[in-house]
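Colleague: I have a model open and would like to go through it with you. Could we begin with the packing and then move on?

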Amino acid sequence: MMLNCLILGILPIGFNHLDQYINDTSFTFLAKHCQHYDTALPILESEAIHLLFQGASPLEEDFLFKEDIRMLVLSYPDNNPHPFYVCHEEIIFPELTYEGFYNMVNRIYNIINMEGQQTLPPRTTDHFVLRCETRFEKIKYDDLKYLEVMDDNILVHTTDQTFATVEKLDWIMAQLPLNAFMQVHRWFVVGFRHIDELAKDHLYIGPSRIPLAKHISEEVERRYKKRW
């Protein structure tokens, strides 16, 4: 089990290594760091985030003097009028060491994984259903190698065939496990389990050479090392 994390807002002094702590821990995964709630909401609504680390809003005039952040444990119950609710909250201050971070998230991990607390709706299938022109295709997560954005559609490359769909990329990404897939370029989303070779500015999935955006290569390497 992997705890998917999202950082929201500006981190005060003492917490500036939080993203690195998340990446350095084997059972935590940083989905994204968003400064504004509007950009974080689509990810939160995907029902995939376990832990939300909330810093200061860029609109707060005194955010430079803020000395704490909040860790929120999210839950996505059935028949809830809101996309999620907070089932646990902790205030963390005045700084965060790696040892403190590890002990905190390990405790949450054990509560969720060992005591049976549900924060996410259980994934009942190993696939999602994708609309392809006049038919629907069942796409298994383990079989999805990469997505390729074209001019007027998206090509879905699986282990044995390729589909074209007119579904939006954001919708498809919301169906995928955040820690197993990543958009590595404006035109490509890849499944980490299928990467055969990783270089500084590109990667290979089988014979397909896929470019990496310049600003994202280090993040891709960190996530690639966590693949299972």
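Colleague: Which residues is Met 71 in contact with, leaving aside its neighbours within four places in sequence?

Modeller: This is a predicted model. In it, Met 71 is in contact with Leu 51, Leu 52 and Phe 53, with His 88, Glu 89, Glu 90 and Ile 92, and also with Met 104 and Ile 108, once neighbours within four places in sequence are left aside.

Colleague: And how many residues has the largest nonpolar core?

Modeller: That core has 23 residues. Met 71 is among those with the most contacts inside it, as are Leu 18, Ile 22, Leu 51, Phe 53, Ile 92 and Phe 101.

Colleague: Which elements each supply at least two residues of this core?

Modeller: Strands E1 (3-8), E3 (51-54) and E4 (69-75) do, together with helices H1 (18-24) and H3 (98-114).

Colleague: Which of them gives the most?

Modeller: H3 does, with six residues. There is also a second, separate core of 17 residues, and Ala 40, Ala 48, Ile 49 and Phe 84 are included in that one.

Colleague: Changing topic: in what order do the strands of the open sheet run?

Modeller: The order is E13-E14-E15, three strands with antiparallel pairing.

Colleague: Why is one side of E13 and of E15 left without a neighbour in the sheet?

Modeller: Strand E13 (197-198) and strand E15 (208-211) are at the edges and each has a single partner strand, so one side of each lacks a neighbour in the sheet.

Colleague: Over how many bridges do E13 and E14 pair?

Modeller: Two bridges, in the antiparallel sense, with E14 covering residues 202-205. Glu 197 stands opposite Tyr 204 in E14.

Colleague: Now Thr 158. Is it buried or exposed?

Modeller: Thr 158 has 8% relative accessibility and therefore counts as buried, the cut-off being under 20%. Its place is in strand E9 (residues 154-158).

Colleague: What does the side chain of Thr 158 reach?

Modeller: The side chain of Thr 158 reaches the backbone oxygen of Gln 161 at 2.8 Å. A polar contact of 3.1 Å also joins the side chains of Thr 158 and Asp 160. Neighbours within four places in sequence aside, Thr 158 is in contact with Ile 139, Asp 143, Leu 144, Lys 145 and Phe 163.

Colleague: Finally, where is confidence lowest, and where highest?

Modeller: Confidence is lowest in helix H4 (residues 169-175), at a mean of 80, and highest in strand E8 (residues 144-149), at 96. For the protein chain the mean pLDDT is 83, with 88% of its residues at 70 or more.

Notes: Residues numbered from 1 in each chain as written. Heavy atoms only, no water. pLDDT = per-residue confidence, 0-100. Helix = DSSP H or I, 4+ residues; strand = E, 2+ residues; numbered from the N terminus. Core = buried A, V, L, I, M, F, W, Y, C linked by side-chain atoms within 4.5 Å. Buried < 20%, exposed > 50% of the residue type's maximum accessible area, 1.4 Å probe, protein only. Contact = heavy atoms within 4.5 Å. Pairing = 2+ DSSP bridges. Polar contact = N/O pair within 3.5 Å; in protein donor to acceptor, adjacent residues only side chain to side chain.
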